[in-house]
Amino acid sequence: MKYLKTGAEEICFTQEDFSLEQTLQCGQCFRWRRAASGVWEGAAGGLVCRIAQEGHRFRVTGVPLPVWEEFWVPYFDLSRDYGKLKARLAAHPVLARAVEYSPGLRVLRQPPWEALCTFIISQNNNIPRITGIVERLCLSFGSPIAPGWNSFPSPEQLAGLCADDLAPLRSGFRAKYILDAARKVSSGEVSLRAAALLPIEEAREELMRISGVGQKVADCALLYGLGRVECCPTDVWIRRVMQQFFPQGLPEWILPEAGLAQQYLFHYARTCPGALDRGE
């Protein structure tokens, strides 16, 4: 990332291998909106960001430089060299096609609680419904942080609620899982901080102590919220990819970054017509 301008009202920079559209519309986050002007606006960590893109040039408004560098640079994973990552992944023909299809995709580093909660909501759900439930959750129980935006409610804000309180969210069976997660995280019974540091199997087990959190949701929370890029969440799309192209599993050399490879494959399989019909 190279800064072109850093001011109180505007930050301008250039960045290769980064597309807001590909990154924010690939099913890993649910609190971003694109205005007719092309500006993206989103909220995370009790903060709001407005960012626009033209080619490799980006313009951020309303975010102080220290906040940008402390929160949003890690959030967008802008310190990782995705050029080198893509070159490594392209050694496999299927991954080469997936990378070519969405060369600007990055895996976000979201606040851990927000990632855990949103992927609990994502179970047996589709992106528009997930987005709606998350929006109603924030409007109902979050705190105002900017015009049109509320913060994501903390575990402590949700822990004292009951299932009836969550009825307006229309989250169905997921309500009891949201509440169990909030209670266990707020009480310290489940530690997100520990999950960031434990060996990966133990980290999964830590999160799977929450009712309704199986391996897929745990892996999503670990990858998208805790930066565990070795985690490879497996849903119906990834199972299809694995069955067709990787019946023996991902090559060993991919495994340390399996979660990043997974995101390219997931987006490719889900949105590229005929992706699963092609051979290696």
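In which sense do β5 and strand β6 (residues 57-61) pair, and over how many bridges? Select both strands in the viewer: β5 and β6 run in the antiparallel sense and are joined over five bridges. Keep in mind during the tour that this is a predicted model.

**Stop 1: the two hairpins**

Stay with β5 and β6 and look at the turn. The two strands form a hairpin with two residues between them, and Gly55 in that turn has a positive phi of about 65°.

**Stop 2**

Six strands make up an open sheet, and reading across it gives the order β1-β2-β6-β5-β4-β3, with antiparallel pairing. At the edges are β1 (2-6) and β3, each of which pairs on one side only. If you look along the sheet, neighbouring strands are turned against each other by 20° on average, direction ignored.

**Stop 2: Arg50 and Glu41**

Select Arg50 and show its side chain. On one side, Glu41 stands opposite Arg50 in β5. In β6, the bridge partner of Arg50 is Thr61.

What separates the closest N and O atoms of Arg50 and Glu41? The distance is 3.4 Å, and the two residues form a salt bridge. Arg50 is partly exposed, at 34% relative accessibility. Glu41 is partly exposed as well, at 22%.

**Stop 3: other salt bridges**

The model has 12 salt bridges in total. Select Glu21 and Arg34, whose side chains meet in one of them at 3.7 Å, N to O. Glu21 belongs to helix α1 (residues 20-24) and Arg34 to strand β3 (residues 32-34), so this pair ties together parts that are 13 residues apart in sequence. Glu21 has a relative accessible area of 40% and is partly exposed; Arg34, with 43%, is partly exposed too.

Next, select Glu206 and Arg209. Their side chains meet in a salt bridge at 3.1 Å, N to O. Is Glu206 buried or exposed? Glu206 is buried, with a relative accessible area of 13%, while Arg209 counts as partly exposed at 39%.

Finally, select Lys5, Glu10 and Arg59, which are linked in a network of salt bridges.

**Stop 4: Cys12**

Select Cys12, found in strand β2 (residues 10-14). Its relative accessibility is 14%, and therefore Cys12 counts as buried, the limit being under 20%. Leaving out residues up to four places away in sequence, Cys12 touches Lys2, Tyr3, Leu4, Lys5, Phe58 and Arg59.

Cys12 and Val241 are 229 residues apart along the chain, and their C-alpha atoms are separated by 38 Å.

**Stop 5: the nonpolar cores**

In soluble globular proteins, nonpolar side chains tend to be buried together. Which residues touch the most other members of the largest nonpolar core? They are Trp113, Leu116, Leu207 and Leu265, in a core of 71 residues. Another core, of 21 residues, lies apart from it; Ile11, Trp32, Cys49 and Trp68 are among its members.

**Stop 7**

Select helix α4 (residues 93-101) and helix α13 (residues 258-271). Their axes come within 9 Å and cross at roughly 75°. That angle lies in the range of 65 to 115 degrees, so α4 is roughly perpendicular to α13.

To see the contact, show the side chains on both helices. From α4, the contact is made by Val94, Leu95, Arg97, Ala98, Val99 and Tyr101. From α13 come Ala261, Tyr264, Leu265, His267, Tyr268 and Thr271. Leu265 was also named at the previous stop, as a member of the largest nonpolar core.

How values were computed:
Residues are numbered from 1 along each chain as its sequence is written. This is a predicted model: local features need pLDDT of at least 70, side-chain atom pairs count only at pLDDT 80 or more; totals for chains, interfaces and linings use all residues. Side-chain values use heavy atoms; hydrogens and water are left out. Two strands pair if DSSP finds at least two bridges between them. Helices (H or I, at least four residues) and strands (E, at least two) are DSSP runs, numbered from the N terminus. A salt bridge is a side-chain nitrogen of Lys or Arg within 4 Å of a carboxyl oxygen of Asp or Glu. Buried means under 20% relative accessible area, exposed over 50%, partly exposed in between (1.4 Å probe, protein chains only). A nonpolar core is a set of buried Ala, Val, Leu, Ile, Met, Phe, Trp, Tyr and Cys residues joined through side-chain atoms within 4.5 Å. Axes are lines fitted to C-alpha atoms, for helices over the stretch in contact, and angles run from 0 to 180 degrees between N-to-C directions. Angles under 35 degrees count as roughly parallel, over 145 as roughly antiparallel, 65 to 115 as roughly perpendicular and the rest as oblique. Contact means heavy atoms within 4.5 Å.
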